[in-house]
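Please read the following explanation with the sequence and the three-dimensional view side by side.

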Amino acid sequence: MTTHSTTEPISNRLRIVLVGTQHPGNIGSAARAMKTMGLGRLVLVAPEKAPNHESEALAAGADDVLAAAATHATLAEAVADCHLVLGCTARSRRIALDELLPREAAARALDGARAGGEVALVFGRERTGLDNEELQLCHAAVHIPANPAYSSLNLAMAVQVLAYELRLALLAVGGGDPAPAGDGDPPASHAELEGFFGQLGDALDAIDFHKGRAPESALRKFRRLFLKADLDSREVRLLRGVLADVERMAMLAARAGGER
Ligand code: SAH
């Protein structure tokens with residue numbers, strides 16, 4: 001297993017697998033449910049009908065998730081590279097599987113993905129759910145504790161509940177979304193900050209800020225102040241621009257003084 005890299009969102013290792021879906025509309029609604037919660041990897045296993053105009057209509061703005069969906073012939077194929085497979089069931093079955101609540105399932109899924117594993121949440125057919133052979137491929141079952149007398153949610157709504165729990169779990173570890181393009185700069189690196197502190201020292205010398213006192217104490221205070229500000233790269237560049245001007249003005253002033 002690889003360790004989590006900071007550039008790739010954790011949610012890339014979480015896939016929603018729909019097995020044998022009968023209504024193409026549900027595939028679209030599931031895509032929408034996923035996208036609202038920041039999930040983008042939809043996998044279809046032998047849908048009765050391929051996604052069509054009905055799926056697109058119900059996907060609304062999540063047609064990108066729908067378009068990117070991979071299709072496999074069997075569940076075994078769809079989860080072949082997964083380290084954790086969780087099967088969502090509307091009823092408890094007589095099968096030797098741990099049964100998790102959605103919240104527990106989300107926590108387990110996230111632990112797996114953060115450790116670098118590929119994780120699948122699997123949903124069954126509208127009429128008959130997942131068959132026993134498919135459940136055998138799962139490491140645990142997930143059951144939404146619905147009304148026991150009427151426990152079967154619409155497929156896409158079950159996806160929504162699990163996607164929401166995954167989102168809460170992701171937000172709790174700061175892994176909600178990749179930053180929208182162009183928004184937010186990377187935090188300043190150690191080297192960038194040291195470059196800035198070095199230039200700050202030079203600029204303070206140039207304007208004779210210390211007036212004969214030892215510079216260390218003031219530099220320590222500035223260091224603490226700027227470290228507290230949690231600067232990003234762009235902010236460091238901005239501050240260095242100011243310091244460059246300070247140094248330039250100090251040089252001009254010194255030159256003018258010398259000419260007098
Ligand atoms: N009649 C089917 C219901 C299938 S509903 C059955 O009894 O199994 C379609 C899919 O939605 C299910 O296979 C399951 O993956 C999901 N689902 C529906 N209700 C659920 C619930 N209460 N808990 C977990 N998953 C549920």
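Which residues does Leu 97 touch, not counting residues up to four places away in sequence? Leu 97 touches Leu 135, Cys 138, His 139, Ala 140 and Ala 141, where contact means heavy atoms within 4.5 Å. This is a predicted model, in which local features need pLDDT of at least 70 and side-chain atom pairs count only at pLDDT 80 or more, while totals for chains, interfaces and linings use all residues. Residues are numbered from 1 along each chain as its sequence is written, and side-chain values use heavy atoms, with hydrogens and water left out.

Leu 97 lies in the loop between strand S4 (84-88) and strand S5 (98-100). Strands (E, at least two residues) and helices (H or I, at least four) are DSSP runs, numbered from the N terminus. Between the C-alpha atoms of Leu 97 and Ala 68, which are 29 residues apart along the chain, the separation is 31 Å.

Consider next how helices pack. Two packed helices are described by the angle between their axes and the distance between the axes. Axes are lines fitted to C-alpha atoms, for helices over the stretch in contact, and angles run from 0 to 180 degrees between N-to-C directions. Helix H5 (residues 102-114) packs against helix H7 (residues 155-172) at an angle of about 55°, and their axes are 9 Å apart. H5 and H7 are therefore oblique to each other; angles under 35 degrees count as roughly parallel, over 145 as roughly antiparallel, 65 to 115 as roughly perpendicular and the rest as oblique. In this contact, residues of H5 including Ala 105, Ala 109 and Leu 110 meet residues of H7, among them Val 161, Leu 162 and Leu 166. The contact of H5 with H7 holds 11 nonpolar, no polar and two charged residues. Here Ala, Val, Leu, Ile, Met, Phe, Trp, Tyr, Cys and Pro count as nonpolar, Asp, Glu, Lys and Arg as charged, and the others, Gly among them, as polar.

H7 also packs with helix H1 (residues 24-36): their axes come within 8 Å and cross at roughly 15°. H1 and H7 are therefore roughly parallel to each other. The contact of H1 with H7 has seven nonpolar, four polar and one charged residues.

Finally, the domain assignment gives domain 1 (10-172) and domain 2 (190-259), with bounds from an automatic or database domain assignment. The centres of domain 1 and domain 2, taken over C-alpha atoms, are separated by 55 Å.
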